[in-house]
Amino acid sequence: MKLTVFGATGGVGHEVVRQALEAGHQVTAVVRDPARLDVPAHERLRVAVVRDLSDEDALLSVLEGQEAVVSALGAASNKQARLTPIAGPALRSIVSAMDRAGVSRLSAVSAAPVAPDGPEDGALVRVVVYPILRRALRDLYADLAVMEEAIAASRTQWTVIRPPRLLNRPFTGTYRRAVDANVPGGKVIGRADVADALLTTLSDPSTTGHAIGVAA
């Protein structure tokens, strides 16, 4: 496929670009600072600098002629999300620009605590763990919740991936998935496996319109 990847310089985004190239896709990696993209030059890799992700006209240049979009956007910290929300404002513009460019397929990374509480989370997680996380990282999760709302309201064929705590682990490909729920007992997952989930859902129509919980 011809893919546009947003958030390509982050931990998950870097893995998305690397795995997509290994799988034979043509990749447009959207970055603010190309020096931060730690991926070797490749004949199927185009690096595009877009400094303002709310500029729909600028987004059109990286979306026209593409077949799918992967978003690995997200604030690096709660403080950053409080000062400058990233994912919500960006995805509002991205889905609008996708509509204008005729690109329909989208997968985006969110986070497990953004999901509504369910029995699969367990009493300890629902009563203790998630309340603490949601209080400590409330601005970060609020930004992701706005992002999910913008995606769900769009005309894209979307899938949202909701991982728990992210770790720098080697790719396994053996992570668990849950549709419209968090993975029971899921506490961590490697960034490489999250990248795999973002990419594999693009060709899995059964995930369209769903949030997919993933965990090791």
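Is R82 buried, exposed or partly exposed? R82 is partly exposed, with a relative accessible area of 47%. Here buried means under 20% relative accessible area, exposed over 50%, and partly exposed in between, with a 1.4 Å probe and protein chains only.

This is a predicted model, where local features need pLDDT of at least 70, side-chain atom pairs count only at pLDDT 80 or more, and totals for chains, interfaces and linings use all residues. Residues are numbered from 1 along each chain as its sequence is written, and side-chain values use heavy atoms, leaving out hydrogens and water.

**Salt bridges**

Side chains of opposite charge can pair when their charged atoms come close. A salt bridge is counted when a side-chain nitrogen of Lys or Arg lies within 4 Å of a carboxyl oxygen of Asp or Glu. The count by this rule is 9 salt bridges.

| Pair | N to O distance |
|---|---|
| E22 and R18 | 2.9 Å |
| R100 and D57 | 3.1 Å |
| R82 and D139 | 3.5 Å |

R82 pairs with D139. This pair links distant parts of the chain: R82 sits in helix α3 (residues 78-83) and D139 in helix α6 (residues 138-152), 57 residues apart. Helices (H or I, at least four residues) and strands (E, at least two) are DSSP runs, numbered from the N terminus.

R100 forms a salt bridge with D57. That pair also links distant parts of the chain, with R100 in helix α4 (residues 87-101) and D57 in helix α2 (residues 56-63), 43 residues apart. R100 is partly exposed at 47% relative accessible area. D57 counts as exposed at 54%.

**Helix α1**

E22 and R18 both lie in helix α1, 4 residues apart, so about one helical turn separates them. E22 is exposed, at 60% relative accessible area. R18 is partly exposed, at 28%.

Helix α1 covers residues 11-22. The expected span of a helix is 1.5 Å times one less than its number of residues. The 12 residues of α1 should therefore span 16 Å, and the end C-alpha atoms are 17 Å apart, which agrees.

Which residues of α1 are buried? They are V12, G13, E15, V16, V17, Q19, A20 and L21. Their cover includes the strands β1 (2-6), β2 (26-31), β3 (45-49), β4 (68-71) and β7 (165-167), along with helix α7 (191-200). Just after α1, G24 takes a positive phi of about 95 degrees.

**D196 in helix α7**

D196 belongs to helix α7. At 16% relative accessibility, D196 is buried. Contact means heavy atoms within 4.5 Å. Leaving aside residues up to four places away in sequence, D196 touches Q19, F171 and Y175. D196 and Q19 are 177 residues apart along the chain, yet their C-alpha atoms are separated by 7.4 Å.

**The second largest pocket**

Rolling a probe the size of a water molecule over the atoms shows where empty space is left. On a 1 Å grid over the protein atoms alone, a pocket is an open set of points where a 1.4 Å probe fits, with protein on both sides within 12 Å along at least five of seven lines. The second largest pocket holds about 160 Å³ of space. R32, D52, L53, S54, Q80, T84, P85, I86, P89 and A90 line this pocket, lining residues being those with an atom within 4 Å of a point. The lining divides into 5 nonpolar, 3 polar and 2 charged residues.

Note on methods:
Grid points are joined across faces, edges and corners, and a volume is the space filled by probe spheres set on the points. Ala, Val, Leu, Ile, Met, Phe, Trp, Tyr, Cys and Pro count as nonpolar, Asp, Glu, Lys and Arg as charged, and the others, Gly among them, as polar.
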